[in-house]
Structures are given as structure tokens and as C-alpha cells.
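I opened this notebook to record, entry by entry, what I looked up in one structure. I begin with a single residue and then turn to the way the chains meet.

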There are 2 protein chains.
Amino acid sequence: MAARRAGAPALTGKVPPVTPGTRRTREHRPAAERREQLLDAAVEVMRAGGIAAATTRAVAERAGLPQGAFHYCFRSKDELFSALLDRELDASLGRVWDAVADTGDLEASIAAALRAILDRVRSDPEYHLLTAELVDVAARTPGLEHVARREQAASVERAGLMLRRWQETGGGELAVGTRVLAEALVAASTGITSSWLSARDDEAAHACVALFAAALARVATR
Amino acid sequence: MAARRAGAPALTGKVPPVTPGTRRTREHRPAAERREQLLDAAVEVMRAGGIAAATTRAVAERAGLPQGAFHYCFRSKDELFSALLDRELDASLGRVWDAVADTGDLEASIAAALRAILDRVRSDPEYHLLTAELVDVAARTPGLEHVARREQAASVERAGLMLRRWQETGGGELAVGTRVLAEALVAASTGITSSWLSARDDEAAHACVALFAAALARVATR
DNA sequence: ATTCGACTTGGTCGAACGACCTAAATCGGC
DNA sequence: GCCGATTTAGGTCGTTCGACCAAGTCGAAT
């Protein structure tokens with residue numbers, strides 16, 4: 001028995017044209033637009049089922065496109081994956097550090113920043129579970145370590161900017177280098193969100209935020 | 001053309017016995033032992049290529065067994081996966097908190113513990129990348145959240161034990177609850193190792209360890 | 001209005017996968 | 001030395017996957 005799907009022609013030779021002359025097609029859109037559409041669809045699919053769920057067929061179907069469109073927009077699945085890493089990781093965390101630093105109080109600033117990050121994760125757990133998985137895969141994949149590295153560096157950079165802003169607006173000197181403190185802040189936020197994603201314990205997470213803010217602010221301002 | 005592999009007989013009927021009479025078999029071993037063998041092999045395969053690489057064939061081959069042996073030892077691939085989660089996550093991190101707490105100095109104890117965890121990760125990055133992926137998948141998979149939760153709770157428990165041991169050996173009182181401090185320690189270790197796995201920056205990681213130890217010890221002992 | 005290149009489409013192909021099966025070979029208890 | 005349960009070796013089946021194609025269609029520039 002041939003392992004061919006029922007209904008499909010079994011012979012290699014000429015297949016009669018499918019309802020020739022009558023073909024309903026979609027609106028023509030530039031390829032770049034289709035690519036964004038497919039990237040969005042890939043995120044949706046992955047959010048629900050992880051990276052493994054993002055087959056070319058599933059992504060195309062989610063985007064409302066035939067599977068053939070996938071390989072018109074991307075040379076391969078790897079190319080989509082690469083584009084996704086560039087687009088998604090750059091836009092994920094890291095930018096949260098920007099918003100908060102108005103208070104003169106360092107502890108309050110840190111607490112506000114950590115809490116903002118935690119709230120962002122709590123509002124869309126699946127998405128942040130996905131970014132964690134993406135970083136993980138990137139860190140493992142031979143040609144993609146630089147992506148994880150870049151994401152990490154960008155976060156530290158943003159956190160450092162927050163600290164420098166705090167210094168400039170009358171915060172005063174720091175007892176430790178802004179670089180090290182920024183790295184600690186990123187590590188703290190990663191640890192807290194990671195814990196919450198596993199345990200979903202709001203109370204514990206908020207207590208951690210408060211404790212880290214108090215501990216880091218105190219050791220940094222003296 | 002049938003989608004059959006080249007060389008394989010195309011008919012359903014009798015297949016002539018393969019070199020009848022001459023059959024070299026392996027030693028007989030109890031099924032439980034074979035299962036461990038397959039679990040070990042699964043970890044090896046996943047360590048190199050992530051969860052996705054662990055096909056039943058790849059795992060069996062790595063274990064030096066025919067693919068059929070896989071489905072003799074495990075009803076399905078899911079069953080192996082489930083057994084793997086139970087065995088691996090319980091044995092991964094968390095236990096590191098046990099070893100260190102001899103010093104009277106809390107800061108030194110915390111620093112030693114964090115450094116021990118970091119060293120463990122540095123000595124086998126691929127394995128800890130894998131455990132991170134496993135927790136990730138468990139947290140997402142509908143029936144498996146409890147596994148991630150349990151792993152998290154076990155780590156906090158171990159860290160709390162370390163703190164209580166420190167208290168009993170003359171450490172004195174803590175200004176914050178051991179529970180919260182333990183959760184913060186776990187978050188700190190997770191954040192530090194996660195950062196290192198992305199950036200592979202030894203210096204930054206060690207600086208983070210020192211900073212967290214100083215900050216948390218100071219805020220906890222006063 | 002005709003042309004031409006950018007876009008769409010359904011279908012096909014070979015490979016790999018999970019699951020399952022049969023029969024031979026082996027072992028332990030009798 | 002025999003016998004039934006256990007273990008092995010290897011093959012099959014149906015599905016899904018990534019990749020690719022030939023033929024059709026559209027729209028902007030000429």
C-alpha cells in the first residue's frame with residue numbers, strides 16, 4: 001500500500017489543470033507586508049504551543065495564507081526564525097527600564113522598574129514564556145549565540161541608562177559601578193519573572209521586588 | 001511514486017526472514033534498567049540539540065538499542081518525557097544550597113552558595129540550558145504546570161534550609177522572613193545563571209554574585 | 001491596451017517521525 | 001532438557017514536515 005494521502009493522484013505524470021481559467025486569488029500585497037503578517041502569525045502560534053508548534057503550515061494558516069506563500073516570503077523556515085529573533089527580542093524586555101526614574105529615591109525607582117517588568121510579564125505570560133524559549137534556543141544554536149548576547153547587552157544598557165538618569169537628576173554618587181548594578185538589576189528582573197512564570201505566586205514576586213529594591217538601593221548608595 | 005524508502009519491500013505480505021538462524025542479541029537486562037538507559041540517552045541527545053532533537057529513533061540509537069526497544073520500555077514518547085521531567089528536574093539545581101553554610105558570616109555563605117551554583121552551570125552549560133528549556137515547556141504544557149511549580153518550590157525549600165541552618169549555628173535573627181529571603185536567593189541564582197548562559201561573561205557574573213551577597217546579607221541582618 | 005515582473009495558488013515530493021507488529025532468540029524455572 | 005515469558009531485531013503503516021514547482025493572476029509602467 002502506497003503511503004499516499006487518499007484522493008491524491010498516484011501517478012507522477014501530468015495532472016489535469018485544476019478548474020482552468022477560474023482562479024480566485026487574494027489581493028496582491030508587497031512581499032515585505034506578507035512577511036510581517038507571517039511573523040505575527042508565527043508569534044501567535046508559538047505563544048500557544050511553543051516553538052515546536054510553529055510549522056510552516058501552521059504559521060501560514062494562522063496568517064490566512066496558503067502554505068506556498070511561506071516559501072515565497074522566506075527562503076526557509078530558518079530564515080523566518082532568524083527574522084523573528086531580530087524583531088521580537090529587540091522589542092521585548094529591556095525598554096521597560098526607560099520609563100521610570102523620576103523619583104529622587106533610588107529604592108523607589110528600582111522597585112517601580114522591577115514592578116513594571118513583572119506587571120508586563122503577568123499581563124502576557126505566554127509571550128514571555130516564548131521569549132525565554134527563544135533566548136534559550138538562540139543560546140544553544142551554533143550560529144545564533146550573538147543574538148542572546150545582544151539581547152542581554154541591550155537590557156543591561158537600558159538599565160544602566162536608568163541609573164545614570166537617576167544620578168543626573170540629583171541622585172548623587174553610587175557606591176558601586178553602574179555597570180555592575182545594571183547587570184544585577186537585569187539578573188534580578190530575570191530571576192523574579194522566571195520564578196513567577198513557574199509558580200505564578202503574585203505575593204512572593206512582589207515581596208521579592210521589594211526586597212531586591214531595598215537591598216540593592218541600600219548597598220549602592222553607601 | 002509511492003513515498004516508500006528505497007530498498008524497502010513494497011508489498012505488505014511475507015518478508016523473507018533476515019539471515020535466519022544467525023542472530024546476535026544483546027544481554028538480557030530488566031526493563032527498569034533499560035528505561036534508565038534510555039533516559040540517560042535522551043538527556044545526551046537533548047543536551048546537544050534541545051528537546052526537539054530527542055526523537056524516539058535518536059534516543060534509542062544513542063542508547064545503542066533498536067528503535068523497537070523504545071516502545072517496549074515506554075508506552076509512548078510522552079511517557080518518556082514525563083519520566084524525564086520527574087527524574088531530571090528533581091535532581092538538577094536546588095540541592096546546591098545544601099552544602100554551604102558553615103561560616104558565621106551570612107554574606108560569605110550566600111556568596112559561596114551563589115558561586116557554587118554558577119560554577120555548576122559553567123561546568124556544563126548545555127545541561128542547564130536543557131533544564132531551563134524543560135521548565136519552560138513544563139510551565140506551558142497544560143497538564144505539567146505542577147512540575148515547574150514543584151521544582152521552584154523545592155529550590156526555595158532548600159535555600160530556606162540553608163538560612164535556617166545559618167541561624168541555628170549562631171547566625172542570629174534575620175530582619176526579613178527566611179521565606180522571602182529564600183525566594184530572593186533563588187531568583188538571584190536564576191537570574192545570574194540565565195545572564196551567564198546568554199553572555200558567558202565570567203567577570204560580570206562573579207561581580208553580580210558579590211553584589212547580591214553583600215546587598216542581601218546587609219538588608220537581612222539589620 | 002499591452003506588456004512584464006511581482007505576486008498567488010494548489011499540489012507534489014522525499015524524508016523523517018511516532019506507533020505498532022511479527023518472529024526469532026534468549027533466559028529462568030521446572 | 002523443555003517451556004512460557006521476556007527481550008531483541010527489524011520492518012511496516014499512516015501522518016506530517018520542509019521544500020519546491022508550474023501555472024495562473026494581478027497591477028503598474030509603458
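**Entry 1: one residue.** I found that Ile192(A) is buried, because 29 other C-beta atoms lie within 10 Å. (A residue is buried if 20 or more other C-beta atoms lie within 10 Å of its own, exposed if 12 or fewer, and partly exposed in between; C-beta atoms are placed from the backbone.) I note that this is a predicted model, in which local features need pLDDT of at least 70 and side-chain atom pairs count only at pLDDT 80 or more, while totals for chains, interfaces and linings use all residues. Residues are numbered from 1 along each chain as its sequence is written, and chains are lettered from A and ligands numbered from 1 in the order in which they are written.

I located Ile192(A) in helix α9 (residues 178-199) of chain A. Helices (H or I, at least four residues) and strands (E, at least two) are DSSP runs, numbered from the N terminus.

**Entry 2: its contacts.** I set aside neighbours within four places in sequence and listed the contacts of Ile192(A): Leu114(A), Leu118(A), Ala205(A), Cys208(A), Val209(A) and, from the other chain, Ala187(B). Two residues are in contact if their C-beta atoms, placed from the backbone, lie within 7 Å.

**Entry 3: helix α6(A).** I then looked up the buried residues of α6(A), and both Leu114(A) and Leu118(A) are among them.

Entry 4: I recorded that the contact takes 44 residues from chain A and 44 residues from chain B. On the side of chain B that touches chain A, α9(B) gives the most, with 14 residues.

**Entry 5: a helix pair.** I checked α10(A), residues 202-220, against α9(B): their axes come within 9 Å and cross at roughly 80°. The two helices are therefore roughly perpendicular (65 to 115 degrees). Ala187(B) of α9(B) and Cys208(A) of α10(A) are among the residues that make this contact.

How values were computed. Axes fitted to C-alpha atoms, helices over the stretch in contact; angles between N-to-C directions. Parallel < 35°, antiparallel > 145°, perpendicular 65-115°, else oblique.
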